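Please keep the sequence and the model in view while reading.

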Amino acid sequence: MSTVIKYFRENVNSKMEKKFDLDLKNIGARLRNVRTALGKTIDIMGELSGFSKSLISAAEKGLKKPSPIYMAMLLQKFNVNLNFIIGGKGPMFLEGAEHDTKNDDVYLEMLMQMEKHQVVK
């Protein structure tokens, strides 16, 4: 199990109260853009992540919140900039020097908040 996914599963920060107002349609569009930039089908992303094709499709259409575990997989396997997916900021992919693992904790906290709080459709 990757350290990012292990960290997410073992550390839930219950003290965080900030809510993220996220537009699922925009997040879904960015998820789809990342997948197509990687040249992957929904089927392949399902195999890589362990999530169903229908769940990935629903997230890409903005109908469901993307799973934090799925997003952590994008960071871990493909160096995807989660700040780009969540907020539309920065490049789609992080180059090796840009990917400071210290920021992974910040991304994971954002993802945990997505799970804990209502998001805007």
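## Overall composition

Of the 121 residues in the chain, 43% count as buried, where buried means under 20% relative accessible area, exposed means over 50%, and partly exposed covers the range in between (1.4 Å probe, protein chains only). The model is predicted, and local features need pLDDT of at least 70, side-chain atom pairs count only at pLDDT 80 or more, and totals for chains, interfaces and linings use all residues. Residues are numbered from 1 along each chain as its sequence is written, and side-chain values use heavy atoms, with hydrogens and water left out.

The chain contains seven helices and zero strands, and its pattern along the sequence reads α-α-α-α-α-α-α. Helices (H or I, at least four residues) and strands (E, at least two) are DSSP runs, numbered from the N terminus. Among the contacts in the chain with a separation of 6 or more, 71% are between residues 24 or more positions apart, contact meaning heavy atoms within 4.5 Å.

## Helix H3 and its surroundings

Helix H3 spans residues 42-49. Its buried residues are Ile42, Met45, Gly46 and Ser49. Seen down the axis of H3, these residues fall within an arc of 105 degrees, so they line one face of the helix; the arc is that of the directions from the helix axis to the C-beta atoms. As a general rule, an α-helix has 3.6 residues a turn, so residues three or four places apart point the same way. The cover over the buried residues of H3 includes H2, H4 and helix H5 (68-78). Just after H3, glycine 50 adopts a positive phi of about 85 degrees.

The axes of H3 and H5 come within 10 Å and cross at roughly 90 degrees. Axes here are lines fitted to C-alpha atoms, for helices over the stretch in contact, and angles run from 0 to 180 degrees between N-to-C directions. H3 is therefore roughly perpendicular to H5, given that angles under 35 degrees count as roughly parallel, over 145 as roughly antiparallel, 65 to 115 as roughly perpendicular and the rest as oblique. On the H3 side the contact is made by Met45, Leu48 and Ser49, and on the H5 side by Tyr70, Met73, Leu74, Lys77 and Phe78.

## Salt bridges

A salt bridge is a side-chain nitrogen of Lys or Arg within 4 Å of a carboxyl oxygen of Asp or Glu. By this rule there are two salt bridges. One joins arginine 35 to glutamate 60, with the closest N and O atoms 2.6 Å apart. This pair links distant parts of the chain, since arginine 35 belongs to helix H2 (residues 24-38) and glutamate 60 to helix H4, 25 residues apart. Arginine 35 and glutamate 60 are both buried.

Another salt bridge is formed by aspartate 43 and lysine 53, whose closest N and O atoms are 3.8 Å apart. Aspartate 43 lies in H3 and lysine 53 in H4, so the pair ties together parts that are ten residues apart in sequence. Aspartate 43 counts as partly exposed because its relative accessibility is 42%.

Glutamate 60 counts as buried because its relative accessibility is 4%. Leaving aside its neighbours within four places in sequence, glutamate 60 is in contact with Gly28, Ala29, Leu31, Arg32, Arg35 and Ile42. Arginine 32 sits in helix H2 and, at 33% relative accessibility, is partly exposed. Not counting residues up to four places away in sequence, arginine 32 touches Glu60 and Lys61. From arginine 32 to isoleucine 85, 53 residues apart in sequence, the C-alpha to C-alpha separation is 9.9 Å.

Leucine 55 lies in helix H4 (residues 53-60) and is partly exposed, at 31% relative accessibility. The C-alpha atoms of leucine 55 and proline 66, eleven residues apart along the chain, are 8.2 Å from each other.

Asparagine 79 is found in the loop between H5 and helix H6 (82-87). Its relative accessible area is 19%, so asparagine 79 is buried. Although asparagine 79 is not a glycine, it has a positive phi of about 60 degrees. In general, most residues other than glycine have a negative phi.
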